Amino acid sequence: MKIRKLTNEEIKGACAFAVGIYNIAIRGCFRTPDCHRYFDEYMDADRLTEEERTGALVVFGAFDSNVLCGVCGMTNEGHITMLYVHPQYLRRGAGKKLLERARIYARMQLKLMQVSVNAMPAYTADYFRRVGFKSTYQGGFCNGQSDMYVPMTAKSIYQVEYTPRRISDRTFIAISVGFTCLVFFSGVIYAVCAGLTP
């Protein structure tokens with residue numbers, strides 16, 4: 001699975017993706033139309049495209065063989081928004097990788113020490129806790145309605161670059177022989193010191 005920053009031209013598609021996931025998986029969780037109205041107003045693709053163009057928002061996409069399977073946005077204040085993963089890709093690490101990428105972006109690009117997210121619906125707070133977020137309030141809000149979301153924070157993280165190095169066969173054999181000799185001679189020295197030799 002590949003995580004990358006979406007281009008400005010891809011933002012409208014990401015918004016349509018997020019709206020589709022919201023309609024499939026989340027819209028039925030809320031009994032009040034206020035939260036639906038808030039979501040629908042927020043997901044204005046033209047406004048979000050403009051925010052991305054001006055640098056107020058960055059959106060990451062998770063791709064599996066060039067198929068968009070998840071999105072995650074972050075404001076320039078470090079607030080994570082519109083984290084949506086297609087149901088077919090749940091429990092495959094897409095959400096965790098998107099959140100990790102957003103936290104790295106916050107530290108490396110925005111120079112922020114902390115990020116925030118509103119876990120919505122509130123039951124998703126358990127997921128966010130498992131990936132390193134902590135609740136900042138006991139309950140949540142949505143236009144006066146309690147327990148619609150849980151505000152949470154987490155530390156931003158550094159990106160660690162690790163490039164595996166291949167050890168040549170000659171080096172591997174030399175290390176193996178050296179270690180074997182070390183073990184053998186350590187045993188001989190122990191036996192001599194312990195008086196176990198004839």
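**View 1. The largest pocket of this predicted model holds about 1,000 Å³ of space.** Its lining has 36 residues, and those closest to the centre are Ile-26, Leu-83, Met-120, Thr-124 and Phe-128. Here a pocket is an open set of points on a 1 Å grid over the protein atoms alone, where a 1.4 Å probe fits, with protein on both sides within 12 Å along at least five of seven lines; lining residues have an atom within 4 Å of a point. Volume is the space filled by probe spheres set on the points, which are joined across faces, edges and corners. β4 gives the most to the lining, seven residues.

**View 2. Phe-184, Phe-185, Val-188, Ile-189 and Val-192 make a nonpolar surface patch of about 500 Å².** Patch members have over 30% relative accessible area and no salt bridge, with nonpolar side chains joined within 5 Å; a salt bridge puts a Lys or Arg side-chain nitrogen within 4 Å of an Asp or Glu carboxyl oxygen. Areas are Shrake-Rupley values with a 1.4 Å probe. Ile-189 sits in helix α6 (residues 169–194); helices are DSSP runs (H or I, at least four residues), strands likewise (E, at least two).

**View 3. Ser-65 has a positive phi of about 55°.** This residue is in the loop between β2 (57–64) and β3 (67–75), and is exposed at 66% relative accessible area (exposed is over 50%).

Residues are numbered from 1 along each chain as its sequence is written, and side-chain values use heavy atoms, without hydrogens and water. In this predicted model, local features need pLDDT of at least 70 and side-chain atom pairs 80 or more, while totals for chains, interfaces and linings use all residues.

Conventions
Patch = residues over 30% accessible without salt bridge, like charges linked within 9 Å, V, L, I, M, F, W, Y side chains within 5 Å. Buried < 20%, exposed > 50% of the residue type's maximum accessible area, 1.4 Å probe, protein only.
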